[in-house]
Amino acid sequence: MKKWLLLIVIAGLIGYEWLERSKENVSNGLKIEHGQLITDQGTKDLTIIPKAQIYQGNLLLVNKDYPVHDSGVSKDIVTLADHDELIRGYALMDNKTMLSKAVAEKFVEMVQAASGAGAHSFLISSGYRSNEKQQQLYEEKGSDYALPPGYSEHNLGLSLDIGSSQMAMSHAPEGQWLRDNAWDYGFILRYPEDKTAITGIQYEPWHFRYVGLPHSIIMREKNFTLEEYLEFLKEQQAISVTVKGTEYHISYIEMNGNTPVPAPKEKHVEFSGDNKSGVIMTTYSAENGDAQ
Ligand SMILES: [Zn+2]
């Protein structure tokens, strides 16, 4: 008799679990079965975006309201001086300077292009900062000149302070060249002179942030700070742009736990959180098998 009772209990538990899952399947207004989205037009494959993606990626907004999440720190931070190929064409103010390796590679590519245009005295004065290092800086410089640990873009590994070994960046040819061209390499001037009311940070002609293509180019065209660009994407929900011959589709996804979206049909898919509550999905099908 006990065996039968046990079987009934198990059957009941399975039934309950099935009911709960069915409820999950209709969340977000989507009907999902076996990893596929069921629509009036048929079924579509799904991609599930993990919730943690909100705090990871090249488009993260970091400021006094949105600190760096532990999982948001770049995974490929290296000490630049340890890699000969990453310290070509510019000088380091401090041999211990660290940065995301992928960002450093883009920076080397950028300074090579600049040197052909007469700007060849670049100097990196700061890169990735650990929370301990940010704390030290905060204590030394005070809240007018430094941000508390976790609230600086330097804690992400995607930002760097670039100087000229000749003169102040505001007057140096290196500064002028970067203001005009950094965008083509995925970098943005993060704290422009005319946007201090939006960024909450004084004009910093030396501070550049990597966000990647096509985002940096859209931001230049529209004269957007990162704050404005993320708001724009959230409002628009989805945009398409052609940059350097490649068509990109960019969509903003409001996250609700692990969030399913129809699987994109393009070959390349990149996700980045906004560090608030959404994820930006960028897709493209590279022409000739080689885009950005
Ligand atoms: Zn900086």
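Mentor: Before any counting, a word on terms: helices, of at least four residues, and strands, of at least two, are DSSP runs numbered from the N terminus. Counted in that way, the protein has 7 helices and 15 strands. Please keep in mind throughout that this is a predicted model. Of the 292 residues of the protein, 42% count as buried, and among the contacts between residues at least 6 apart in sequence, 62% join residues that are at least 24 apart.

Now to the part you asked about. The sheet is an open one of 4 strands, in the order β11-β12-β15-β14, and the pairing is antiparallel. Its edges are formed by β11, residues 238–243, and β14, residues 268–273, each of which pairs on one side only. From one strand to the next, the twist averages 20°.

If we walk across the sheet from β11, the step to β12 is made by 6 bridges between strands that run antiparallel. Within this pairing, V241 stands opposite Y248 in β12. The two strands form a hairpin with 2 residues between them, and here K244 takes a positive phi near 50°. The next step leads from β12, residues 246–254, to β15, residues 278–284, and these strands pair in the antiparallel sense over 7 bridges.

The axes of α6, residues 215–222, and α7, residues 226–236, come within 10 Å and cross at roughly 100°. Since angles of 65 to 115 degrees count as roughly perpendicular, α6 is therefore roughly perpendicular to α7. On the α6 side the contact is made by H215, I218, M219 and K222, which meet L226, Y229 and F232 of α7. Sorted by class, the residues in this contact are 5 nonpolar, 1 polar and 1 charged. The buried residues of α7 are L226, E227, Y229, L230, F232 and L233, and L226, Y229 and F232 are the ones that the residues of α6 meet.

From here we can turn to the rest of the chain, starting with the metal site. A zinc ion is coordinated by H154 through NE2, D161 through OD and H207 through ND1, at 2.0 to 2.1 Å. Along the chain, these donors follow the spacing H-x6-D-x45-H. H154 lies in the loop between α3, residues 131–141, and β8, residues 159–164, whereas H207 is in strand β10, residues 207–210, so this pair ties together parts that are 53 residues apart in sequence. Both H154 and H207 are buried.

N131 has its place in helix α3, and with a relative accessibility of 39% it counts as partly exposed. Leaving aside neighbours within four places in sequence, N131 is in contact with P149, G150 and N155. With one of these, G150, N131 has a C-alpha separation of 6.1 Å, although 19 residues lie from one to the other along the chain. S74, for its part, sits in the loop between β3, residues 42–49, and β4, residues 77–79. Because buried means under 20% relative accessible area, S74, with 15%, is buried. Residues up to four places away in sequence not counted, S74 touches S100, L156, G157 and L158.

Definitions and conventions
Residues are numbered from 1 along each chain as its sequence is written. This is a predicted model: local features need pLDDT of at least 70, side-chain atom pairs count only at pLDDT 80 or more; totals for chains, interfaces and linings use all residues. Side-chain values use heavy atoms; hydrogens and water are left out. Donors are N, O and S atoms within 2.8 Å of the metal (3.2 Å for Na, K and Ca); water is not among the atoms, so sites may look incomplete. Buried means under 20% relative accessible area, exposed over 50%, partly exposed in between (1.4 Å probe, protein chains only). Axes are lines fitted to C-alpha atoms, for helices over the stretch in contact, and angles run from 0 to 180 degrees between N-to-C directions. Angles under 35 degrees count as roughly parallel, over 145 as roughly antiparallel, 65 to 115 as roughly perpendicular and the rest as oblique. Contact means heavy atoms within 4.5 Å. Ala, Val, Leu, Ile, Met, Phe, Trp, Tyr, Cys and Pro count as nonpolar, Asp, Glu, Lys and Arg as charged, and the others, Gly among them, as polar. Two strands pair if DSSP finds at least two bridges between them.
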